[in-house]
Amino acid sequence: MTRTLSLALAALLATSGAASAQEKFTFALNWFAVGDHAAYWVALDKGYYKAKGLDVTLENSKGSGDSIAKVDTGRADAGLADAAVVIASVGRGTTVKTVGMVFDKTPLNIFSLKEKPLSKPKDLEGKTLAAPPGDSQRQMFPAFAKLNGIDPSKVAWVNIEPAAKIAAVAEKRVDGVGDYSTGLPLYEKAAGKGNVVMMPWADFGFDMYSMSIIASAKTMKDKPKALKDFLEASYMGWRDVMADPKAAMEILKKRVPEVDVEVMTPNMLIGLGLMKTDRYAKNGIGWIDEKKMCDSVDLVNAYMGLPKKVECKDVYSTEFFTKVAMPN
């Protein structure tokens, strides 16, 4: 009996120790929960974070500028942010770096209505666009404008909350909004299928890195193992999303009940289309290509009017990356 009690006590202590060993880790999303965030809830639901000893909290933000601020000030351990905004922030003194990619192709884009389409860059002159101040399209617009001969003084930007973007276009409050191409299903739900026009920036010479996972110098120094484990578990979540999008959406709906499955499923699938590349197939999901990253840095340096030149080596790190292969 004594031996049995001792074994039971040992098992209880071991369980208690494992529970207490869970390290809290806050991840700042770049927006409210949408389909192309499904992977993080899949990793939560399947216990990938827990198996790495992480107690992960997912937190909404109001664009890349907001998530970068949270990570840089220690309010979050890591986050999602557009790589272009990350590069610009480094030029202004933040300590954040991209430690893994999400989208291998850029989703930067302008949405408008078919009855008053903004289909090419020059169409933007004389128009009013909306986006949050920290939004990637808003922050990178000077570069896009210079690249395409747009006079930025002829384009008016108004501040708007992320959740108000869709209504602003559908209700014709503005001529267009800056938003990722993955948002097309949301806009078509509000304005009607076939009534929404996209202006993908990649179609007009703006092919640079976009959505990425970021961490601050403090996180990289103080929590290197947790960061590496978080990245690997997150890419395991992405692998599962690629393998079974339907099951991934069921998990997202379970975890975030307000999600509209009919709209968010195509939203998620558009995001996957930006990830199914030869580069990821060869090197693993989220791999950072040095040339593409440095080309992205050159673009920001050339067009963003930063207070100092940003060196490519200062904006990213591959030391926390663990290869997670794409599903067959």
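How many bridges join E4 to E10, and do these strands run parallel or antiparallel?

1. Basis of the note. This is a predicted model, in which local features need pLDDT of at least 70 and side-chain atom pairs count only at pLDDT 80 or more, while totals for chains, interfaces and linings use all residues. Residues are numbered from 1 along each chain as its sequence is written, and side-chain values use heavy atoms, with hydrogens and water left out.

2. Strand pairing. Four bridges join E4 to E10, and the two run antiparallel. Strands (E, at least two residues) and helices (H or I, at least four) are DSSP runs numbered from the N terminus, and two strands pair if DSSP finds at least two bridges between them. Strand E3 (residues 78-82) is also antiparallel to E10, through five bridges. Ile214 of E10 stands opposite Gly79 and is the bridge partner of Thr98.

3. Five of the five residues of strand E10 (residues 211-215) are buried, so the strand is largely enclosed by the rest of the structure. Buried means under 20% relative accessible area, exposed over 50%, and partly exposed in between (1.4 Å probe, protein chains only). Met211, Ile213 and Ala215 cover one side, with Ser212 and Ile214 on the other.

4. Thr98. This residue of strand E4 (residues 97-101) is buried at 1% relative accessibility. Contacts (heavy atoms within 4.5 Å) of Thr98 include Val86, Ile288 and Tyr316.

5. Disulfide. The structure holds one disulfide, a pair of cysteine sulfur atoms within 2.5 Å; it joins Cys294 to Cys312 (S to S 2.1 Å). Cys294 lies in helix H14 (residues 290-303) and Cys312 in the segment after H14, so the bond ties together parts 18 residues apart in sequence.

Terms used:
Lists of a residue's contacts leave out its neighbours within four places in sequence.
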